[in-house]
Structures are given as C-alpha cells and as structure tokens.
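This briefing goes through one structure by topic. Please have the sequence and the 3D view open while reading.

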Amino acid sequence: MNTNKIKKKIYIKTWGCQMNEHDSSIIKNILQKEKKYTVTNKPEISNILILNTCSIREKAQEKLFHQLGRWKKLKQKNPDIIIAVGGCVATQEGKKIYKRAKFINIIFGPQSLHKLPKLLYQSYKNKNLIIDIKGKSLKKFDYSPQKQTKKFTSFVTIMEGCNKYCSFCIVPYTRGKEVSRDNKEIISEIKKLTTIGVREIILLGQNVNSYHINNTLNKKKYRFSDLLYSISEIPEIQRIRYITSHPKDFSDDIIQAYKYIPQLTNFLHLPVQSGSNKILRLMKRGYTIEVYENIINKLKHIRPKINISSDFIIGFPGETEDDFEKTLHFISKINFDTSYSFIYSKRPGTRAAKLIDNTSIEEKKNRLSILQKKISQQSLQWRRRMLGTTQSVLVEGIAKNNIQELYGRTENNRIINFEGNPKFIGKFIKLKVIDINYNTYLKGEVT
Ligand code: SAH
Ligand code: F3S
C-alpha cells in the first residue's frame with residue numbers, strides 16, 4: 001500500500017487528566033511529523049481512530065466498550081480503519097480488551113506513544129493485534145508538542161509515574177514508577193517555548209515535588225526546588241505553576257522558594273483528600289492533617305495572600321459521619337479555594353479495594369453535595385475579596401463570549417474579561433476587579 005500519496009486521517013479521543021491531554025498532543029505531534037498523517041476532528045471520515053483512556057475513577061471499562069461499540073460500526077463500513085486503544089485502561093486491561101473487541105488493532109500504553117508510527121506501520125502490514133504497554137521510557141518527551149502558533153501559557157512535563165501507592169489509586173499501576181526528566185531538556189524546552197510567546201508555564205507530573213535527578217559526579221541531588229530556581233532565571237517566564245504536588249514531599253526548600261521566586265504564583269493546588277487522620281492513614285497518604293496545616297501556615301507566612309486548593313475523596317471505605325465532619329472542619333480551617341471532590345471509586349487491584357465499605361451510595365452523594373456547597377461558598381468569599389483589588393493578569397486572547405473584550409487569568413487562576421487593546425494579548429497587565437459575577441467570570445478594567 002502506498003501510504004505517501006494521500007495523508008491518512010487520524011481522530012483522537014481523549015479522556016482524563018491534563019497528563020492525558022498532554023499525551024494526546026504528543027501523539028498528534030509525533031504522527032504529524034511523519035508527513036503521511038493528518039489530524040481530523042471527524043471520526044466518520046478518519047482512517048485511524050485512537051482512544052486515549054483514563055482509569056482514575058468511573059467505570060472506565062464499560063465506558064471503553066461503549067465507545068468501541070460506536071467505532072465498530074464505522075469499521076464495519078470501512079474495514080481498513082485502524083483502531084488503537086491507549087492510556088491507562090490499555091495498560092491495566094491489556095489483551096482483555098481485545099478479547100471483548102476483536103476488531104481493534106493496537107493496544108498501547110502511556111510510555112509507548114513515540115512508537116506509534118512503527119506500531120501503525122506494522123498494523124498496516126500485518127492485521128494481527130499489536131500490544132505495546134510495557135516500559136518506562138521518557139522517550140516520548142522528545143516529541144513534546146512544538147506549537148507553531150503564538151501561545152502564552154504552556155504545559156511542560158517534568159516527571160511521570162508515581163511510587164506512592166496511595167491505597168485508592170490506580171496511577172502507580174498504570175503509569176508505572178516515577179521517572180524524572182533531564183533538567184537540561186526541560187530548560188531547553190521552556191526556552192524554545194518562550195520564542196513563540198510563552199510567558200507562563202505549568203509544570204506537569206503526578207508528583208511534581210518528588211522530582212529529582214541524582215548527579216553521579218558530585219553526589220548531589222538536583223531537586224524540584226532547584227528546577228524552580230533554574231526556571232526562574234529564564235527572563236521571559238514570568239509565572240510558574242505546577243500540578244500536582246504531594247504534601248508528603250512538600251519540603252522546606254520548596255516553601256523557601258516562595259520567598260525568593262516571585263514567578264511562583266499565589267495559588268497552590270495541594271491535595272489533602274480528607275480531613276480525618278484515620279482516613280488519611282487508611283489511604284496510606286503518609287502525612288497527617290497537622291503536617292498539612294503546618295505546610296500551609298509556613299507558606300502563608302511568606303505569602304499571606306496565597307489561595308489553596310485541594311482534591312477530596314468522599315466516602316472512602318470506613319469514612320464515618322465523624323470523619324466527614326472532620327473534613328468539613330478542615331475545609332473551613334484552611335479556607336480552601338476552588339477544589340475538586342469525588343466520590344470514592346473502587347479501583348481493581350488497589351489495596352483499598354479489599355477494605356469493607358458499608359456506607360450507602362445515597363449517603364456518599366449526600367456528603368459530596370454538602371462538601372461541594374461548602375467549598376463553593378468559600379470560593380465565592382475568595383472572589384468577593386478580589387472586588388476592587390488590582391490583579392496581575394496574563395492576557396490570553398479575545399474573550400470567548402464577547403469579541404469586544406479580551407480575557408486573561410489572574411494569579412489565582414480565575415478568568416477575567418475586560419475591554420482593552422488587542423496589543424495587550426500575550427502580556428501581563430494590571431486590572432482592577434470591578435465585577436465578580438460577569439457571566440461567571442470576573443470583570444476588570446485597565447488601571
Ligand atoms: N498525585 C496526586 C493525585 C493524582 S490523581 C495526589 O497526590 O493527590 C487525581 C485525583 O483523583 C486525586 O487527588 C484523587 O482525589 C482522585 N482519585 C484518585 N483515585 C481515586 C479513586 N479511586 N476514587 C476517587 N477519586 C480518586
Ligand atoms: Fe495516586 Fe497517590 Fe500517586 S493519589 S498518583 S498514588 S500520590
């Protein structure tokens with residue numbers, strides 16, 4: 001088959017976290033580099049269908065077969081279509097997916113993205129199922145998306161995988177062991193990004209603050225805080241964010257970095273998961289609420305205005321009414337801003353899956369809604385406090401809902417619309433907050 005003449009159309013569907021979104025951009029980049037592929041957003045006209053799955057919560061398997069069922073119909077019309085299943089469900093289920101969906105061609109894991117051109121080539125040559133889900137290579141980052149168009153904020157992956165094995169979490173099994181990317185590579189990627197306009201970077205990883213490189217020459221460790229200092233020396237990068245960090249590794253050198261690196265935003269997402277020490281123990285999180293509070297207090301000492309956000313899991317096995325009350329109490333105490341909360345979802349093969357769980361789903365839903373109401377009240381308070389203040393905003397473009405206006409993000413990650421000259425796009429400006437409920441956004445004016 002001559003694949004060079006007409007470009008094959010690829011459709012990619014992505015589920016899950018920013019890590020997966022980023023992986024999908026890498027897939028696009030890798031395949032488009034091959035010149036014989038082009039990306040489309042219409043599955044019905046594509047030659048290759050790729051599903052990048054997530055298994056963190058929900059009934060991932062059912063969702064997968066549901067989606068594959070839809071694609072099976074496309075393949076019945078055009079048997080030449082190649083279907084590839086990637087991401088965490090692919091690693092977890094492997095060949096079992098094929099047993100239920102014999103029409104798929106490729107199963108690949110998050111660490112095999114860079115091999116996709118080869119896997120596709122093999123699949124066109126020989127119609128047998130191809131499975132590539134092993135490995136912990138960071139090779140894929142050689143293909144980090146190279147954006148051609150102007151861009152002002154960008155993700156940069158610094159590490160992958162996780163060794164923490166929280167009892168509820170599937171990630172260590174699907175994404176594998178922690179691996180940190182070479183610091184020189186990271187810096188060079190960021191410098192490249194500055195040439196297309198990037199002024200804010202979001203460092204990405206399952207556990208960014210356990211990032212480290214062992215220097216075999218001087219036996220010194222290059223830590224996450226060292227990376228932050230290195231990035232802060234790139235003059236164009238005026239804002240540094242990161243997701244996700246873990247309380248257990250939130251060492252004093254990182255806290256100190258907030259004193260010396262003004263580019264670090266006054267916003268931190270630090271998942272606590274529960275406000276009950278008993279539940280944190282069962283979750284195997286490796287810290288207590290006292291340790292967490294201590295980190296926040298030290299940070300607030302350096303940055304009194306810092307906003308803290310978190311993830312919460314509701315209805316973990318053994319969570320009593322009393323444990324839940326403790327979580328609510330802790331939410332008030334820390335005064336969390338916008339947070340993500342989820343009902344506990346049993347993940348096959350994890351340690352928590354063996355725990356007895358006798359709280360009804362109705363009760364869990366009830367707790368979740370109480371918690372979410374509380375967080376949104378606190379979030380509103382944070383917004384109210386912003387009214388009348390002057391905020392530093394990175395202007396990202398024309399407002400999505402009003403072409404007469406521009407929009408940008410405040411340090412605490414809120415979208416703010418304002419009337420201004422398009423020449424502000426890509427720059428930091430000072431805006432006074434004049435409304436906090438402007439189509440769910442903030443409204444500002446140039447000061
Ligand atoms: N590394 C991060 C979290 C990665 S997973 C950390 O240390 O917190 C993202 C979020 O998904 C978690 O913070 C947790 O709140 C949620 N999550 C993970 N597994 C879950 C499960 N089995 N059920 C419900 N929520 C889960
Ligand atoms: Fe999951 Fe815990 Fe790691 S939540 S990603 S096992 S830190």
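This is a predicted model: local features need pLDDT of at least 70, side-chain atom pairs count only at pLDDT 80 or more; totals for chains, interfaces and linings use all residues.

- The shell around ligand 1 has 16 residues, of which Arg57, Gln206, Gln273, Asp311 and Ser345 come nearest.
- Strands β16 (311–314) and β17 (340–343) each supply at least two residues of this shell.
- Phe168 places a backbone N or O atom 3.0 Å from a nitrogen atom of ligand 1.
- The side chain of Gln273 has an N or O atom 2.7 Å from an oxygen atom of ligand 1.
- Arg285 has a polar side-chain atom 3.2 Å from an oxygen atom of ligand 1.
- On its own, ligand 1 has 540 Å² of accessible area, and the protein covers 90% of that.

**Open sheet β7-β10-β13**

- Three strands form an open sheet in the order β7-β10-β13, and their pairing is parallel.
- The edge strands, each pairing on one side only, are β7 (153–157) and β13 (239–243).
- From one strand to the next, the twist averages 25 degrees.
- β7 and β10 run parallel and are joined by five bridges; Val156 has Leu203 in β10 as its bridge partner.
- Strand β10 (residues 200–204) is also joined to β13 by five bridges, again with parallel strands; here Ile202 has Arg241 in β13 as its bridge partner.
- Four of the five residues of β7 are buried, so this strand is mostly covered.

**Barrel β18-β19-β20-β22-β21**

- Five strands close into a barrel in the order β18-β19-β20-β22-β21, with mixed pairing.
- Strand β19 (residues 406–409) pairs with β20 in the antiparallel sense over four bridges, and Tyr407 has Asn417 in β20 as its bridge partner.
- Strand β20 (residues 415–418) runs parallel to strand β22 (residues 441–446), with three bridges between them; Ile416 stands opposite Leu442 in β22.
- Strand β21 (residues 428–438) pairs with β22 in the antiparallel sense over five bridges, and Leu431 has Val446 in β22 as its bridge partner.
- β21 and β22 form a hairpin with two residues between them, and Asn439 in the turn has a positive phi of about 50 degrees.

- Helix α5 (residues 116–125) has Leu116, Pro117, Leu119, Leu120, Ser123 and Tyr124 buried.
- Seen down the axis of α5, these buried residues fall within an arc of 165 degrees, so they line one face of the helix.
- Lys118 and Lys125 are exposed on the other side of α5.
- As background to this pattern, an α-helix has 3.6 residues a turn, so residues three or four places apart point the same way.
- Helix α12 (residues 321–334) contains Asp323.
- Asp323 counts as buried because its relative accessibility is 3%, and buried means under 20%.
- The side chain of Asp323 reaches the backbone nitrogen of Thr320 at 2.9 Å.

**Backbone geometry in loops**

- Ile243 and Thr244 are joined by a cis peptide bond, with omega about -10 degrees.
- Thr244 is found in the loop between β13 and α9 (252–260).
- Asn413 is in the loop between β19 and β20, and although Asn413 is not a glycine, its phi is positive, near 65 degrees.
- Lys35 also is not a glycine and has a positive phi, of about 70 degrees.
- The loop that holds Lys35 lies between α1 (18–33) and β2 (37–39).
- Is Lys35 buried or exposed? Lys35 is exposed, because its relative accessible area is 62% and the cut-off for exposed is over 50%.

Technical notes:
Residues are numbered from 1 along each chain as its sequence is written. Chains are lettered from A and ligands numbered from 1 in the order in which they are written. Side-chain values use heavy atoms; hydrogens and water are left out. Two strands pair if DSSP finds at least two bridges between them. Axes are lines fitted to C-alpha atoms, for helices over the stretch in contact, and angles run from 0 to 180 degrees between N-to-C directions. Buried means under 20% relative accessible area, exposed over 50%, partly exposed in between (1.4 Å probe, protein chains only). The arc is that of the directions from the helix axis to the C-beta atoms. A residue is near a molecule or strand if one of its heavy atoms lies within 4 Å of it. A polar contact is a pair of N or O atoms within 3.5 Å; within protein, one must be able to donate a hydrogen and the other to accept it, and residues adjacent in sequence count only if both atoms are side-chain atoms. Accessible areas come from the Shrake-Rupley method with a 1.4 Å probe; for residues, only the protein chains shown count as cover.
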